[in-house]
Amino acid sequence: MIPVVEVYEQLKRNMPERIWWPAESEWEIIIGSILVQNTNWANVEYSLHNLREKTQFHPEKVAALPLEELQDLIRPSGFYINKGRAIQEIFFWLQDFTFDLAVIEDHYGTNLRKQLLSLRGIGEETADVLLVYIFDGVEFIADRYAQRLFTRLGIEGIEGYKKLKHRVYLPEDFSTAEAKEFHGLIVDFGKEYLKNDTTWAASFLADFSFDPLNS
């Protein structure tokens with residue numbers, strides 16, 4: 001298993017602190033987590049702007065949008081047909097619980113991740129994002145930035161979300177706030193230092209090595 005907390009501590013010590021996920025409500029996070037699939041955040045922002053103008057991210061208004069109109073609003077994010085269907089399905093699901101997130105969490109308990117994965121367009125990464133940012137869970141989000149980072153740190157055989165996820169452990173006392181911060185720090189680090197060999201060599205993690213007693 002990979003003692004990832006050692007990396008978290010280095011990131012926290014050396015990277016500026018800021019709030020993650022960048023959004024004004026849980027509903028915006030849910031939508032953004034679907035829109036960002038297979039595209040960049042700049043494109044997502046155009047779609048979020050369109051939806052904000054139309055619905056103010058009121059969940060009832062999002063759920064009430066006709067599918068074709070929803071798909072047109074999110075067109076800038078690409079794959080808008082499938083993403084529109086995914087957004088509609090998850091908001092219909094939320095509507096079944098009158099958009100009460102605490103009731104949903106209580107209803108599914110430890111099966112919540114499995115339920116999220118059963119929804120259209122919700123894969124491993126998106127499910128973990130929702131568990132951490134929407135349902136206050138504690139998960140390691142093994143996204144592409146995380147895969148690239150730990151590959152740079154000498155961990156082999158972690159190409160793909162599940163492969164890295166299954167190699168990671170977090171302490172039992174790791175909090176939701178720390179899980180959010182860890183994900184955000186990895187993304188921020190990736191954008192700045194994982195561009196190429198030169199930026200990596202200039203990073204504060206370039207000479208990092210895991211404590212052999214914890215590896």
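The legends below describe an overall view and several close-up views of one predicted protein model.

Residues are numbered from 1 along each chain as its sequence is written, and side-chain values rest on heavy atoms, with hydrogens and water left out. Because the model is predicted, local features need pLDDT of at least 70 and side-chain atom pairs count only at pLDDT 80 or more, whereas totals for chains, interfaces and linings use all residues.

**Figure 1. Overall view of the helical protein.**
The protein holds 13 helices and zero strands, where helices (H or I, at least four residues) and strands (E, at least two) are DSSP runs numbered from the N terminus. The C-alpha trace spans about 55 × 35 × 30 Å along its principal axes. A compact globule of 215 residues would have a radius of gyration near 17 Å, and the 18 Å of the protein agrees with this; the radius is taken over C-alpha atoms, and the globule rule is 2.2 Å times the number of residues to the power 0.38. Buried residues make up 47% of the 215 residues, with buried meaning under 20% relative accessible area, exposed over 50%, and partly exposed in between (1.4 Å probe, protein chains only). Of the contacts with a separation of 6 or more, 62% come from residues 24 or more positions apart, a contact being heavy atoms within 4.5 Å.

**Figure 2. Surface and charges of the protein.**
The protein exposes about 11300 Å², and carbon and sulfur atoms supply 48% of this area, which is computed by the Shrake-Rupley method with a 1.4 Å probe. The mean positions of the 22 positive and 34 negative charges are 6 Å apart. In this count Lys and Arg are positive and Asp and Glu negative, while His and the chain ends are not counted; each charge is placed at NZ of Lys, CZ of Arg, CG of Asp or CD of Glu.

Glu28 lies in helix α2, which covers residues 26-35, and Glu28 is buried, with a relative accessible area of 5%. Its side chain reaches the backbone nitrogen of Glu24 at 3.0 Å, a polar contact being a pair of N or O atoms within 3.5 Å; within protein, one must be able to donate a hydrogen and the other to accept it, and residues adjacent in sequence count only if both atoms are side-chain atoms. When residues up to four places away in sequence are not counted, Glu28 touches Pro22, Ala23, Leu48, Arg52 and Phe57.

Thr176 is found in helix α12 (residues 176-193) and is buried at a relative accessible area of 15%. The side chain of Thr176 reaches the backbone oxygen of Asp136 at 2.7 Å. Leaving aside neighbours within four places in sequence, Thr176 is in contact with Val132, Asp136, Gly137 and Val138. Val132 itself is found in helix α9 (residues 124-133) and counts as buried, at 0% relative accessibility. With residues up to four places away in sequence again not counted, Val132 touches Gly137, Glu139, Ile141, Thr176, Ala179 and Lys180. The C-alpha atoms of Val132 and Ala177, which are 45 residues apart along the chain, are separated by 8.6 Å.

In helix α1 (residues 5-14), Val5, Glu6, Val7, Tyr8 and Leu11 are buried, and the buried residues of α1 pack against α10 (144-152) and α12. An α-helix has 3.6 residues a turn, so residues three or four places apart point the same way. Lys12, also found in helix α1, is partly exposed, with a relative accessible area of 45%. Apart from neighbours within four places in sequence, Lys12 is in contact with Glu181 and Leu185. The C-alpha atoms of Lys12 and Gln88, 76 residues apart along the chain, are separated by 37 Å.
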